[in-house]
Amino acid sequence: MTVTGPGRAPSAASGPAASAQPTLPRPTAEPSDLSATPTPAWPRAWWRDAVIYQVYIRSFADGNGDGIGDLLGIRTRLPYLRALGVDAVWITPFYPSPMADGGYDVADYCAVDPLFGTLGDFDALIAEAHRLDLRVIVDLVPNHSSDQHRWFAEALAARKGSAAHDRYIFRPGKGECGELPPNDWESVFGGPAWTRTVEPDGTPGDWYLHLFDPSQPDLNWHDPAVRAEFERIIEFWLDRGVDGFRVDVAHGMIKDPELLDVGYPNQITMLGSAVLPYFDQDDVHEIHRSWRRILDGYPGGRIAVAEAWAPSLERLAAYVRPDELHQAFNFHYLNSPWDAEALRAVIDRSLDTAGLVGAPSTWVLSNHDVRRHVTRYGGGEAGLRRARAAALLMLALPGSAYVYQGEELGLEEVLDLPPELLQDPQRLRSPDENCGRDGCRVPLPWSGSASPFNFTPLNIVDGWLPAPAHWAALTVEAQWQEPDSMLGLYREALRLRREHPALGDGALAWQAAPEGTLVFSREPGFVCTVNVGDGDVELPVPGTLLLASGPVGTASPGVAVLPPDTAVWWAIES
Ligand code: GLC
Ligand code: CA
């Protein structure tokens, strides 16, 4: 049996572009010429098969040397994203915030936190991204504000029933003196979803609702002033040129009006799919419809992607009906085990349900809220092998895909961070030492041999979380010239995805496949084979090998051997 290297086989496999690796693009300090920024003339449905890169701003690149990622850092690294081959970048919140939840506790929706830069930095970032043909999506956090938002201070100081008070959700407590929370709802980060207020005279008052941290009070979306304010916020950023929004907790704004008890404890985990009176209520869709009307009023194909933890793929599809949002992260896919039957089932159901409303599916394997998938898939060499195969599977599926920063480097979850550096409120509020999201938020390793791997300029200051020493082998610089590296695999897959007419939006057809294996074709002339099982699989060679996530053998002429956890893209000549 002959063996070709992963992702390689220059003669038969990935073609000339993989062997001639251009040099690693240097970060740029200043955009070339802002005044010359053209207005991009993109087709409307660009998002149906876009690959969008998620930047977790604190951890992507530090521009000013304080150890925390920022807008300048992102701008200097745009050439990297361009060369990687993604279509757009989603940037997590950079708004003024006390940072109790990494910026998802917003104190002012129309400004930039000094930690991350200025509005001028943001404008420069957008202009440079557009010059490079990259679109920019920003986070919209409508379910809750920070308790430091001017509105919350006003609400606490205001009389019951006043306009200022009604912007949040206050209720009297139960029990003789109101000492018990109004109902049994729980915070996603642990503990009750209610915190008691204190009246100006020092006596205990009503309770306010916070589905996340107590410093993140839920806004009252039955109040027209809240709706009007968010329309203004959306227009503020659209006018500044953003290409869309990632809507945080898009399933959360409307609560069951009766505030009915759930009836049991441990109600919800991050990205969970439980049916609850405080999530995924039908009336939330009306809000999304009103936002779609605003987006459609702007030129250039502005979009919104829902972070909706829907109980089922049917419920998820409702968020991407033609008059609602454009995309919705497919967390059912993210949560699927690495198992052929489970994957095939979730892929089929995703395509069917999204198809019912004419939407593509939006695939995702990792983000800043979950363990990195190298680790979820078993960690070590097996986890990496599976993550490589998973990348080729995801990028061959019909629809769009999100890539979380560092997955293209094969980063794993960092599980041994010094406890005193941890910041995630989920970890800080839970007795469970294994929970928490800091381990997927460690600053990205760019180059060099020691932490912070040039995440900060001159590499003098350490990043806000230290990177493991062995990431020296995983830096962008270390992998850039290596076609066999994870980065080499992503770059080549993204290049082929752009070029091959079968990839992106469209349909797939399953083909006969041995147990534990997924084989599907896409027209014109493309087949993807994935061995998800734990033994070698023999398959008739379907065509010319385009790209492989691992070594591919030959059993006999015309019969390929796929080792476990290996995906291969093939071109079929007609
Ligand atoms: C979303 C964000 C998460 C945040 C939560 C509360 O799920 O992705 O990071 O903690 O909302 O805003
Ligand atoms: Ca910084």
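**A walk from strand S8 to the calcium site**

In this predicted model, Val 247 stands opposite Ala 306 in S9. Residues are numbered from 1 along each chain as its sequence is written, with chains lettered from A and ligands numbered from 1 in the order in which they are written. Local features need pLDDT of at least 70, side-chain atom pairs count only at pLDDT 80 or more, and totals for chains, interfaces and linings use all residues, while side-chain values use heavy atoms, leaving out hydrogens and water.

Let's stay with S8 for a moment. Strands here are DSSP E runs of at least two residues, and helices are H or I runs of at least four, numbered from the N terminus; two strands pair if DSSP finds at least two bridges between them. S8 (residues 244-247) and S9 run parallel, joined by four bridges. S8 also pairs in the parallel sense with strand S4 (residues 135-140), again over four bridges, and there Phe 245 is the bridge partner of Val 138. From S8, Phe 245 and Val 247 point one way, Gly 244 and Arg 246 the other, and all are buried (under 20% relative accessible area; exposed is over 50% and partly exposed in between, with a 1.4 Å probe and protein chains only).

Next comes the loop between helix H7 (284-296) and strand S9 (303-306), where you will find Gly 300. Gly 300 counts as partly exposed, because its relative accessibility is 28%. Leaving aside residues up to four places away in sequence, Gly 300 touches Trp 46 and Arg 135, a contact meaning heavy atoms within 4.5 Å. Gly 300 and Ala 45 are 255 residues apart in sequence, yet 9.6 Å apart in space, C-alpha to C-alpha.

Finally, turn to the calcium ion (ligand 2). Its protein donors are Asp 62 (OD), Asn 64 (OD1), Asp 66 (OD), Ile 68 (O) and Asp 70 (OD), at 2.2 to 2.3 Å. Donors are N, O and S atoms within 2.8 Å of the metal (3.2 Å for Na, K and Ca), and sites may look incomplete because water is not among the atoms. Along the chain, the donors follow the spacing D-x1-N-x1-D-x1-I-x1-D. Asp 66 is partly exposed at 33% relative accessible area, whereas Ile 68 is buried at 14%.
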